[in-house]
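Please read it with the structure open.

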Amino acid sequence: MENVDYDQLVDDYGWAFGTAAIVVYLAIAVIFLIAYIRIIQKAGYSGWWILVGIVPILNVVMFLVFAFSRWPVLRERDALRAGQGYPR
């Protein structure tokens, strides 16, 4: 059998492994992005709020606001239970 040099193998096929890793990373990132948008929308907020996650300090502040504020979907539920109709 022919002796394969590791450095030569990396030189020949390294780009393929790098490209495959980037494609897998992008696919996972898109799946998580869609999941985050769906969660935010189910809470009653606009899906565009996920862009706040990109800004370093603002993302922590907005996480705390989302965690401790009264969600729009809960306000609607309470209004419907009280017989007031949809809040405007």
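1. Basis. This is a predicted model, where local features need pLDDT of at least 70, side-chain atom pairs count only at pLDDT 80 or more, and totals for chains, interfaces and linings use all residues. Residues are numbered from 1 along each chain as its sequence is written, and side-chain values use heavy atoms, with hydrogens and water left out.

2. Fold. The protein chain has three helices and zero strands (DSSP runs: H or I of at least four residues, E of at least two). Its order from the N terminus is α-α-α. Of its 88 residues, 11% are buried (under 20% relative accessible area, 1.4 Å probe, protein chains only).

3. Pocket. The largest pocket has a volume of about 470 Å³. A pocket here is an open set of points on a 1 Å grid where a 1.4 Å probe fits, with protein on both sides within 12 Å along at least five of seven lines; lining residues have an atom within 4 Å of a point. Its lining counts 17 residues, with Tyr36, Ile40, Trp49, Ile50 and Phe66 nearest the centre. Helix H1 (6-42) and helix H2 (56-68) each give two or more residues. H2 gives the largest share, five.

4. Patch. Trp48, Leu51, Ile54, Val55, Ile57, Leu58, Val61 and Val65 make a nonpolar surface patch of about 820 Å². Patch members have over 30% relative accessible area and no salt bridge, with nonpolar side chains joined within 5 Å. Val61 lies in helix H2.

Note on methods:
Points joined across faces, edges and corners; volume = space filled by probe spheres on them. Patch = residues over 30% accessible without salt bridge, like charges linked within 9 Å, V, L, I, M, F, W, Y side chains within 5 Å. Areas by Shrake-Rupley, 256 points an atom, 1.4 Å probe, with all protein chains shown as cover. Salt bridge = Lys/Arg side-chain N within 4 Å of Asp/Glu carboxyl O. Buried < 20%, exposed > 50% of the residue type's maximum accessible area, 1.4 Å probe, protein only.
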